[in-house]
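I opened the model and kept notes as I went. The entries below follow the order in which I looked things up.

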Amino acid sequence: GLFGSIDEFRIYSGALNPLEVAADFQFGPDTYPAAYGSVTNLNLEALSPIAVGATRTVRVIASASALTNKTVEIHDQSGVVYVSGDTNVFTVDGSGVLTGQGSGTASLVATLGAVSATQTVAVLPVPAVLVHRYSFTSNADDSVGGANGILLGNATVSGGQVQLDGTAGTYVNLPAGLLTTAVPQNAVTFEAWVTTSPTNGSWTRLFDFGDINSGNGVGRSYIFLTLNTAANGGNARVAITDTDPGYYGEDLIQVGHLLGQTNLHVAVVFDPNAGQHSLRLYLNGSPAGAITTSHTLSSIHDVYSFLGRSLYSADAWLAGSIDEFRIYDGALTDGEVLASYTAGPDNFTGVVGPPSITSQPQSRANFAGTTAAFSVTPGGAGPFTYQWQFNGSNLVDSARISGSQSDSLAISGLTPGDAGGY
């Protein structure tokens with residue numbers, strides 16, 4: 001059993017807040033109730049910038065009139081109220097957890113009683129990440145995501161392109177679920193280089209991702225790019241819908257038909273995230289059309305993923321060739337689309353931007369002798385290299401430090417000298 005003495009033992013009905021605990025400690029066992037006085041100052045610490053979709057817990061440091069030379073962290077204390085200056089940029093819950101919603105800057109205000117603190121928080125877009133790439137060097141394999149396609153009908157590969165002759169049953173069949181299994185950014189970009197015959201039946205598709213009503217052969221809950229709405233002419237159309245049949249609820253962009261083109265660069269960006277809600281079309285690196293849409297990524301039930309074939313059984317099959325087809329997790333920017341067009345289908349250099357940190361390491365409070373663990377989540381195009389620092393100096397692995405050049409850092413046998421900035 002215990003060898004020692006107990007000066008005071010208390011049981012409270014309810015939870016003490018951090019300021020009350022600090023007051024009890026300062027005034028000791030012989031003072032009850034111990035009062036911290038009134039809050040005199042708040043300091044707000046919200047690590048900025050954060051990425052769209054990332055979360056971050058803020059720190060609120062309070063000073064009180066009766067606490068001597070002591071500050072207290074109170075971010076989740078009852079009574080602390082948080083307000084975002086623009087919820088399209090970030091939201092904040094009652095426990096001080098920020099969530100990036102859209103790129104931009106906005107103020108964060110924390111208030112306890114009559115005392116407030118304010119900080120500006122910046123939210124950065126997450127660079128789009130290439131998740132599927134079909135280069136058609138010898139087949140329909142996916143060199144990035146491993147979601148290999150199948151050549152059907154008379155589809156063949158020659159000259160680094162898939163050749164489609166426009167006959168029924170000739171197309172590239174990609175796996176289902178490409179838009180639901182690899183797009184955590186909740187936005188998607190389709191990109192292709194395509195050559196089209198001037199002679200094509202109506203409603204030929206470059207791509208069509210969605211579902212088919214088996215009862216009537218009509219598409220539903222899809223996103224597509226058709227090259228021509230009429231035989232040998234009409235208009236090109238990008239459409240998204242969540243209805244059955246799909247044509248009842250399409251949000252669409254329409255431009256002149258895209259027949260008789262050679263190595264045409266096409267990009268379609270669908271970004272339903274807060275502050276965006278956009279569908280955009282690019283041709284040869286330049287914006288060709290954009291609309292606002294209320295549809296979400298879950299609107300698309302990509303049971304089928306077709307290149308050169310429509311979800312509608314009555315539509316024509318593509319006569320032409322596809323040099324390259326790509327799918328990105330995230331929305332390419334105007335500049336990234338132009339850079340990709342300039343680089344061409346055989347090159348992939350710097351399109352998704354520099355590496356970024358989408359989830360920052362979080363602060364830790366540990367007892368001496370225990371282990372502190374930190375982790376970071378990168379965004380952008382890998383592979384990545386890492387270097388952890390302590391108070392601005394590079395760390396190296398040792399008997400107590402592991403992972404100094406990885407995404408996870410661990411420091412064992414903590415001492416007071418380990419406190420600082422990592």
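This is a predicted model: local features need pLDDT of at least 70, side-chain atom pairs count only at pLDDT 80 or more; totals for chains, interfaces and linings use all residues.

Residues are numbered from 1 along each chain as its sequence is written, and side-chain values use heavy atoms, with hydrogens and water left out.

**Confidence**

I checked pLDDT, the predictor's confidence in each residue, from 0 to 100. The protein has a mean of 91, and 96% of its residues reach 70 or more. Residues 350–354 stay under 50. The model has 15 contacts for them beyond four places in sequence, where contact means heavy atoms within 4.5 Å.

I looked up phi and omega next. Most residues other than glycine have a negative phi, and most peptide bonds are trans. For elements I used DSSP runs, numbered from the N terminus: helices are H or I of at least four residues, strands are E of at least two.

His277 has a positive phi near 50°. I found His277 in the loop between strand S21 (264–271) and strand S22 (278–283).

Phe136 sits in the loop between strand S11 (129–134) and strand S12 (150–152). Its relative accessible area is 1%, so I count Phe136 as buried.

I then listed two cis peptide bonds. One joins Tyr32 and Pro33, with omega about -5°. Pro33 is in the loop between helix H1 (18–27) and strand S1 (39–45). The other runs from Asp244 to Pro245, with omega near 0°. Pro245 is in the loop between strand S19 (235–240) and strand S20 (251–256).

**His132**

I moved to strand S11, which holds His132. At a relative accessible area of 5%, His132 is buried. Which residues touch His132 once its neighbours within four places in sequence are left aside? The contacts are Asp142, Val144, Gly145, Ala147, Leu178, Ala182, Phe325, Arg326 and Ile327. I also checked Ser143, which is 11 residues from His132 along the chain. Their C-alpha atoms are separated by 7.1 Å.

**The four-stranded sheet**

I traced an open sheet of 4 strands in the order S2-S10-S9-S6, with mixed pairing. Two strands pair if DSSP finds at least two bridges between them. The edge strands, S2 (50–51) and S6 (81–84), each pair on one side only.

S2 runs parallel to strand S10 (residues 115–124), over 2 bridges. Ile50 stands opposite Val123, and Ala51 has Leu124 as its bridge partner. Strand S9 (residues 104–112) is antiparallel to S10, with 9 bridges. There, Ala110 stands opposite Ala117. The hairpin of S9 and S10 has 2 residues between the strands, and Gly113 takes a positive phi near 65° in this hairpin.

In a regular strand the side chains alternate between the two faces of the sheet. I saw this along S10. Val115, Ala117, Gln119, Val121 and Val123 point to one face and are buried.

**S1, S4 and S5**

I followed S1 to strand S4 (residues 59–64): the two pair antiparallel over 6 bridges. Glu45 has Arg59 as its bridge partner. S4 also pairs antiparallel with strand S5 (residues 72–73), over 2 bridges. Ala62 stands opposite Val72 there.

**Largest pocket**

A pocket is an open set of points on a 1 Å grid over the protein atoms alone, where a 1.4 Å probe fits, with protein on both sides within 12 Å along at least five of seven lines; lining residues have an atom within 4 Å of a point. The largest pocket has a volume of about 1200 Å³, taken as the space filled by probe spheres set on the points. It has 41 lining residues, and the closest to its centre are Pro361, Gln362, Ser363, Phe374 and Tyr422. Strands S3 (55–57), S26 (356–359) and S27 (372–375) each give two or more residues to the lining.

How values were computed. Buried means under 20% relative accessible area, exposed over 50%, partly exposed in between (1.4 Å probe, protein chains only).
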